[in-house]
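Visitor: I'd like to learn how to read charged side chains in a model. Could you walk me through it?

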Amino acid sequence: MNLKMLAAHLGLSQTTVSRALNGYPEVSEATRQRVCDAAQALNYRPNARAKGLATGRAMAVGHVIPVSTQHEMVNPVFGDFIAGASQAYLAAGYDMTLSMTGDEDEADNYRRLKAKGDVDGLIVHGPRINDGRIPFLQGLGLPFVVHGRASGIASDYSWVDMNNVSAFRRATSFLIDLGHRRIALINGLETMDFAHRRRIGFEEALADRGLVPAPALMHSGEMTESYGYTAMCHLLALDDAPTAVLSSSSIIAIGIRRALHEAGLTLGRDVSVITHDDDLTYLSNGRDVPIFTAVRSSVREAGRIAAEMLLRHIAAPQTAPESHLLEAQLIIGGSTGPAP
């Protein structure tokens, strides 16, 4: 299958098919989707080397992954994001490069990628509050899209994010409606923007109902199973332990469940738990009935949207910054019930 055959199959010109696969903005979304679906179904693979020589591009997108001890990248969420992004890269004939970097040399890595021409654009992961990478990349002149947002950055840039404030406000309100008043938050690192926004949603929901957040009930740390376990053990040791918990990830929630089991408590009866990130390919939230009540937003879909957004900006660098805010669903599972 080559470009000429694909165009004939679709009844379109080769120019239209090529522009659709490369994210040109003048091609309608319906046509672009039709072309991408056909390319995937017919196993069409553009010749990346020939395409790169013709366009003067590297035909590759870069993902620079931080490897410091204070990050949120090593988890199944990143794998699902990459799976979604890869669908868009494959359809457009792009390769993907992964670069590992420490905090101290991240800027040098971006400069190197730009100078060597190894990539045509970047996806920025794990934005922090006032993230300095965003103004740096704007000055570098390399197209980029941020997975998430950075509070405190006033300039416009392209991003794809989940509405963390709304999701955690809704989850907290749901627990309050069940009669819970002692509600804990086991959050990610609150220097990370997503965790900062989740705490805002949690506190706003409490304030809306005349409740005051208790500092002893709020934890922040690296999102691991052991962290969830340790934080929940600390909460259960309090004189006035919480009757409900909000977890910032399903990995944390697994640790919470282990702590409850060891304490002889029943999930959903003695302590209610709502988690985020239950829509992960390799970490299923039960089969027919969800184990956890959860706020669900597809990370794979976010990856696809971010990749397609970046490819449009690579094709037309003068395009104004774009943004896409995803809303989360509240999925009712077996981990919540009325306050005991």
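Visitor: Is Arg 128 buried or exposed, or something in between?

Guide: Buried means under 20% relative accessible area, exposed over 50%, and partly exposed in between (1.4 Å probe, protein chains only). Arg 128 comes out partly exposed, at 28%, while Asp 131 is buried, at 2%. One caution: this is a predicted model, where local features need pLDDT of at least 70 and side-chain atom pairs count only at pLDDT 80 or more, while totals for chains, interfaces and linings use all residues. Residues are numbered from 1 along each chain as its sequence is written, and side-chain values use heavy atoms, leaving out hydrogens and water.

Visitor: What do the side chains of Arg 128 and Asp 131 meet in?

Guide: Side chains of opposite charge can pair when their charged atoms come close. The rule for a salt bridge is a side-chain nitrogen of Lys or Arg within 4 Å of a carboxyl oxygen of Asp or Glu. Arg 128 and Asp 131 form one, at 3.9 Å from N to O.

Visitor: How many salt bridges are there by this rule?

Guide: The count is 19. Another one pairs Asp 240 with Arg 182 at 3.4 Å, N to O. Both are partly exposed: Asp 240 at 44%, Arg 182 at 24%. Then there's Glu 190 with Arg 199, whose closest N and O atoms are 2.9 Å apart; Arg 199 is partly exposed too, at 26%.

Visitor: Which residues do salt bridges with shared partners join into one network?

Guide: Look for Glu 29, Arg 32, Glu 301, Arg 304 and Glu 308.
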